[in-house]
Amino acid sequence: MMRVLVIRHGAFGDIVMTFPAFAAIRACHHADEITLLTTKPYAGFLGQSPWFDKIELDAKPVWWNLPGLLRLKRQLSGFDMVYDLQTSGRSTRYFSLAGRPPWSGIARGCQFPDAANRETLHSRERLEQQLRRATLPTPLAVPDLSWLAGDIAGLNLPPRYAVLVPGAAPHRPEKRFPAEKFREVAAALHLPVVVVGTSGEKPLADTIGGIDLTGRTDFFQLASIFRGASLAIGNDTGPMHLAAAIGVPCISLFSSASDPTRCAPRYQDGGWPTILRAPTLQELPVAQVLAHLP
């Protein structure tokens, strides 16, 4: 039995886009012990998946924190194969700290280096290419997400509804479709609307109206909410990746601050949701969103 390490820190949308890669590694190493090295927000979440036998938390110590580095070195040691799916400057340095084991990633001198064109690819195709170069079968298969479900019985949701995701990074206003415009979209849907997001996004939900679930759901409940939805509309933010992964029809709104050809939500079979773009989302007309309703 091999000992396999997978490195993936986040953020949430990136974690969701990695589901097919996680499943491919599990399928290839079905009889092996797979450990995930991740950060605290995603440890409990991914610990419930069928893809990992163990979860290790990466405290991401600063490089002069010798006790922290020694602990990290122990966490990285003893593996027969490592898949660095984070491929950041930090995780790439782990190659040497781990003792240069068989490694898939971008570390100089690693056994399974990714190709130079990786920065031109969408995250899904980049991960697929990386695993192919590490000799895993591709294309990536559709993973089973039946484990990703939470109790939403107490939320009293209607039989049919649409989900609106009005949040995004607070310091990036250009990535936020205005709440007032979301309210206009909600009024035109002829469906009850459910607004999801963090507790800090409650003022957006108050402006939009509908069923306010901001700050009231964990990852599992959010997945079940999307699974019951007829439609999801939202900004370039993590929950829209989950909506696409679940398979609900999505309209994803992008400003020029992000390139959807590299980071847009994708359905688990590789398909693309509807992508609408404007230089800033304040400039995106409500009529353009309504024109793309399914």
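The structure, a predicted model, holds 12 salt bridges. Side chains of opposite charge can pair when their charged atoms come close.

**A pair between distant parts of the chain**
- E125 and R266 meet through their side chains in a salt bridge, with an N to O distance of 2.8 Å.
- This pair links distant parts of the chain, since E125 belongs to helix α6 (residues 123-133) while R266 sits in the loop between α11 (260-263) and β12 (274-277), 141 residues apart.
- E125 is partly exposed at 28% relative accessibility, whereas R266, with a relative accessible area of 7%, is buried because that value is under 20%.

- K175 and D236 form a salt bridge in which the closest N and O atoms are 3.3 Å apart.

**A pair between a helix and a strand**
- K202 forms a salt bridge with D212, their closest N and O atoms being 2.9 Å apart.
- With K202 in helix α8 (residues 202-208) and D212 in strand β9 (residues 211-212), the pair ties together parts that are 10 residues apart in sequence.
- K202 is partly exposed, at a relative accessible area of 39%, while D212 is buried at 19%.

**A network**
- Salt bridges also link D114, R118, E119 and R262 in a network.

Definitions and conventions:
Residues numbered from 1 in each chain as written. Predicted model: local features only at pLDDT ≥ 70, side-chain atom pairs only at ≥ 80, totals over all residues. Heavy atoms only, no water. Salt bridge = Lys/Arg side-chain N within 4 Å of Asp/Glu carboxyl O. Helix = DSSP H or I, 4+ residues; strand = E, 2+ residues; numbered from the N terminus. Buried < 20%, exposed > 50% of the residue type's maximum accessible area, 1.4 Å probe, protein only.
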